[in-house]
Amino acid sequence: MGKDSEKTILTNEKNLNFFKDEKTGLANTQELPRKTFVGRIPTVQHAFLEIMDEEKRRIILGEDDLIIGRTSECDIQIMANNVSRRHARISYSNEEYRIEDLESTNGIYVNGVKVERCVLRKHDVLEIGGIKILFIEEKIRQDNDNKKE
């Protein structure tokens, strides 16, 4: 039994040495652009906010920054005592919407968690000064007939 064990160990060592001298065929991981596999799929992105206040407003979002606050200079005005004059900014970059607190007194909450800045995802619930705002985002495949260039 001792000889069989020795043979097994020697065989295993021999096999390991065999692989040390050869290249195993493994390569470094390389990131490939998505279009390498599927090509570019034209999509149209629609995003908007549903403000759940007395007016139940729907605000369509674009690529420009929007300021949310209490003053009339804000792009989205919310008349509530707990909303700061310039409360938050919604911005768009790298195909994502973000919300950022502008040093407001009461902060901003996304899905019940207080945040200073956050990437927004489909159906996130924002809370600013006690007012709930629903973030809705859709990406729809664009037909060639409706293609904008």
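Buried means under 20% relative accessible area, exposed means over 50%, and partly exposed lies in between (1.4 Å probe, protein chains only).

The model is predicted: local features need pLDDT of at least 70, side-chain atom pairs count only at pLDDT 80 or more, and totals for chains, interfaces and linings use all residues. Residues are numbered from 1 along each chain as its sequence is written, and side-chain values use heavy atoms, with hydrogens and water left out.

**Around strand S10**

Strands here are DSSP runs (E, at least two residues), numbered from the N terminus. Let us start with S10, residues 125-128: Leu126 and Ile128 make up its covered face, while Val125 and Glu127 make up the uncovered one.

Two strands count as paired if DSSP finds at least two bridges between them. S10 runs antiparallel to strand S7 (residues 108-110), and three bridges join them. In this pairing, Ile108 stands opposite Ile128 of S10. S10 also pairs with strand S11 (residues 131-141), again in the antiparallel sense, over four bridges. Here Glu127 sits opposite Lys132 in S11. The hairpin of S10 and S11 has two residues between the strands, and Gly129 takes a positive phi near 60 degrees in it.

**Salt bridges**

Side chains of opposite charge can pair when their charged atoms come close. A salt bridge is counted when a side-chain nitrogen of Lys or Arg lies within 4 Å of a carboxyl oxygen of Asp or Glu. The structure holds seven of them, including these:

| Pair | N to O distance |
|---|---|
| Asp65 and Arg89 | 3.9 Å |
| Glu96 and Arg98 | 3.2 Å |
| Arg121 and Glu96 | 3.1 Å |

The side chains of Asp65 and Arg89 meet in a salt bridge. Asp65 lies in the loop between strand S2 (57-61) and strand S3 (66-69) and Arg89 in strand S5 (residues 88-93), so the pair ties together parts that are 24 residues apart in sequence. Asp65 is partly exposed at 42% relative accessible area, and Arg89 is partly exposed too, at 23%.

How accessible is Arg121? Its relative accessibility is 46%, so Arg121 counts as partly exposed. Glu96 is partly exposed at 21%, and Arg98 is partly exposed at 27%.
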